[in-house]
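I opened the model and kept short notes on what I looked up. The entries follow the order of my checks.

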Protein chains: 2
Amino acid sequence: MITGKNFIGNSRSGKGDKTYKTFNPQLNTENTFSFVEATEDEIDQAVRLATAASIEFGTLSGIKKAGFLNAIADEILALDELLIKTYCSETGLPEGRAMGERGRTIGQLRAFAALVEEGSWVEASIDTAIPDRTPIPKSDLRKMLIPLGPVVVFGASNFPLAYSTAGGDTAAAFAAGCPVIVKSHPMHAGTGELVASAIVKAIQKTNMPNGVFSNLNSSGIEVGSALVKHPGVKAVGFTGSIGGGRALFNLASQREEPIPVFAEMGSINPVVILPDAIHKRGADLAKTYAGSITLGTGQFCTNPGLLLGIKSEALTDFINKLSEEIIKIEPTCMLHPNIIGAYEHKKDKALSQKGLQVMADKAPSVQANYARQTVTTVEGKTFLQNTTLHQEVFGPYSIVVQCEDVDQLEKIIRNLEGQLTGTIIAEESELAGHQKIVDALQNRVGRLIYNGVPTGVEVCPSMQHGGPYPASTDSRFTAVGIHSIKRWVRPISYQDWPDKLLPDALKNSNPLGISRLVNNEQTKNNV
Amino acid sequence: MITGKNFIGNSRSGKGDKTYKTFNPQLNTENTFSFVEATEDEIDQAVRLATAASIEFGTLSGIKKAGFLNAIADEILALDELLIKTYCSETGLPEGRAMGERGRTIGQLRAFAALVEEGSWVEASIDTAIPDRTPIPKSDLRKMLIPLGPVVVFGASNFPLAYSTAGGDTAAAFAAGCPVIVKSHPMHAGTGELVASAIVKAIQKTNMPNGVFSNLNSSGIEVGSALVKHPGVKAVGFTGSIGGGRALFNLASQREEPIPVFAEMGSINPVVILPDAIHKRGADLAKTYAGSITLGTGQFCTNPGLLLGIKSEALTDFINKLSEEIIKIEPTCMLHPNIIGAYEHKKDKALSQKGLQVMADKAPSVQANYARQTVTTVEGKTFLQNTTLHQEVFGPYSIVVQCEDVDQLEKIIRNLEGQLTGTIIAEESELAGHQKIVDALQNRVGRLIYNGVPTGVEVCPSMQHGGPYPASTDSRFTAVGIHSIKRWVRPISYQDWPDKLLPDALKNSNPLGISRLVNNEQTKNNV
């Protein structure tokens, strides 16, 4: 079932002469299939098909879009064993993780199906006319959200299912009514092709227009750049490194018609441990955080890469205990030799900084592609001065900063770059007395966590996944949860439009039975 | 009361040595006051004060922010005659327009006051914990909108009150909880200073933190550029030309931390007249459109600069009648010699294009700074090929395109740049038969109008003012109406946060009594 070809609309196509293979990091060997890089012609054809499909797809009823999204979920489940095995062979991740991530992917698709089937998400708003208003009559105005047009989605290395081919960005864009062109992640191109084939089956079974979806292979940056620069593309979704996301953002901003890029990028997810908490629960916290830092070999965007405390005996004990606990954990495999190469490189750079003390560093005798977990510590003053230490080291690495006092702690937080999350570990009695710390942290993050770990991103309406730059390129949107649909839509107003020609969401009789803002009151009533 | 100085926070300051004056276009002479350009130091001080004020201001209750917004409205009204006279002397606009625009400004401030006093606008969302969920417990998650931080607002030349100092952008930013730094428009710096003094009075009367507002004078591009590049600035609002808006967008995108720019820019607001309508109502339409094209000397962003019809005797009659009617209208004054200079220059450029036929051009013997209204016509094929004819001529100018057939009409619409509005003039019986025209137009605009004129932008929740680029830099937001607040806010999630330390909007007891999404159901109930 894996052919190595692209999907240009519903057709498999492999016109290029550049090929590449995926890699099994557990076996430390290449996988068998060859993937054909998309050509300029294929890229252009995919965008043209998407553009042609966008008007029909963009005006489909919520029920039809829900049918499509649910069919994708069904077809992914039907791939069964083959998908799980391919996933594991291309990532080195265990079967349990593959199945969990598949469940998350299915759950996201079905959540967006439910959202569009219900229909109120279009934020319908109606202001009826006042013909006898003086000095001038008031027109009838009605507003709702409509799709932006073709969206390019970049697959993420660390979520081959939930944030790749049929992941959160794609599900949200389909729900919005936008055709999607996926730039498949080269590290899991086989998994990507299988999921793409499930989407194409769902398109055919539910009679979606050809061009609603394409899947393009690429091992370099050319295909992605060409897609972002193509005038037919209207928005971009990306999950990955700051360098990659910023490059796409720059390309999109420099277009004749700039387009929105939502890039979810790096984060070191600061964890602030207040004095009473570390005094009372230091040992337990050390154990919990040893687990959180090494979870999924540290390959989560919410990995806690920075722990902040105030110098004390209790903090010293915590650092020792954390180091002791983390060394006990058996090393695990990273996704790809390139990922472990980057981990080692960035870690070496951090370790070479003056004033940094290595507290734990797993012995180098680990299996190929397995990551050695590491804990370091540094004085607050040194951390403040050296922003190299603020950079993400993607993997099972964390630095504990020992601040002089609360003022220095606050100053460090204020000087951090934007983050996906910020955690405060505290006794409830001490939290209220540290409002300045909370305020400073809130200013830097998209999600504030109390007495927990940042790893684990719940998919629910109240989840904000995104934050001030460089956590994401636009903190006003989320990449996770149903509200992520807002990235791909824009409002349109209809003025004095004949009722029978209005979209159903705006008709007087409210045939969809949705909640609407009618003359400033939220209601499901007719007009 | 006009000193020519800047407001840096609540203090008047004029440290610079560069000064300029405003101009009375009716009298064709400079006004008396000298305005002192803001210095680099003053710019930096304004941003620092705004940053320092932003945490306190950003967490104020809706009731307190409403009090502030209403106090601004009161203080603007208290400026009375002086404001109206200064406005007229700096714009050449008549007193009636000044009073109308003041009413609109007051209305906007009070609408945002009502919005934040009610409080549901923060889109509070609550998902309660499920501690016994398997395989892992579900945390409690709560989300709401919080302000981005200091916002820079650029005053608009054509709306000295409603889209300048205390205009829509400023009112929305204050409502969101963002401090505002206004880059005053040099053509109406006196009007700007008066309104700024009203804001400062309101700050003092309602005890807002110093730094919530600054007003900076500038006649060139330096002050604006320095503001957009300042790391303390978190978002930008602009109304004006494509060149100006794009330059600011580029600066903001190239920052180390890119920030959102909402620029509402140029538009030619296409009007499509279908055959039956022009046949039945051509003469009336000509009269209506002669009025709309010349309204406010054509200085509205929704001015109809492009009329599209299908070649017929009725269209010829319409063009002749439109030309006859528009010549009858007495010319009026433009805002400034620079504005009329640009009008003449852009019109000359259009008139010099091959294939363009001038149908009406008011005789050149008009008063200084008064604009000569002009109507031209061109074949559909010529218009398609020559995109110079698609450019906005800001002033009382419009071009009528005579298309060969419906297909050419559709093609022309599909090839237009993004627009604020698109109008369809049709008999209801023919509209349904032209779905492709409607679809193509919808794809290019932010607001669709049926049988009306695009001039006149109602301030109400269902108004979308913004559209695909270059109508605005981000079609996902509006510049008019209460939803324009969304430009200046971002969501934040609180995970497992203690109830008593949550913002009121997210507390279990719902002390604000607002509508919230609780476990996927919209309700005002307690949790």
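**Helix packing**

I began with two helices of chain A: the axes of H12 (residues 406–414) and H14 (residues 435–444) come within 9 Å and cross at roughly 10°. I took axes as lines fitted to C-alpha atoms, for helices over the stretch in contact, with angles from 0 to 180 degrees between N-to-C directions. Helices (H or I, at least four residues) and strands (E, at least two) are DSSP runs, numbered from the N terminus. The crossing makes H12(A) roughly parallel to H14(A); angles under 35 degrees count as roughly parallel, over 145 as roughly antiparallel, 65 to 115 as roughly perpendicular and the rest as oblique.

I listed the contact residues (heavy atoms within 4.5 Å). H12(A) contributes Val406(A), Leu409(A), Glu410(A), Ile413(A) and Arg414(A), and H14(A) contributes Lys436(A), Ile437(A), Ala440(A), Leu441(A) and Arg444(A). Sorted by class, the contact of H12(A) with H14(A) holds six nonpolar, no polar and four charged residues. Here Ala, Val, Leu, Ile, Met, Phe, Trp, Tyr, Cys and Pro count as nonpolar, Asp, Glu, Lys and Arg as charged, and the others, Gly among them, as polar.

**Basis**

The model is predicted: local features need pLDDT of at least 70 and side-chain atom pairs pLDDT 80 or more, while totals for chains, interfaces and linings use all residues. Residues are numbered from 1 along each chain as its sequence is written, chains are lettered from A and ligands numbered from 1 in the order in which they are written, and side-chain values use heavy atoms, without hydrogens and water.

**Aromatic pairs**

My search of the whole structure found 21 aromatic pairs over all chains. Rings of Phe, Tyr and Trp (its six-membered ring) pair if their centres lie within 6.5 Å; planes under 30 degrees apart count as stacked, over 60 as edge-to-face and the rest as tilted. Tyr20(A) and Phe35(A) have ring centres 5.9 Å apart and planes at 35°, so the pair is tilted.

**Backbone**

I noted a cis peptide bond from Thr134(B) to Pro135(B), with omega near 0°. The bond from Tyr469(B) to Pro470(B) is also cis, with omega near 5°. Thr297(A), not a glycine, has a positive phi of about 55°. Thr297(A) sits in the loop between helix H8 (275–294) and strand S15 (306–310) of chain A.
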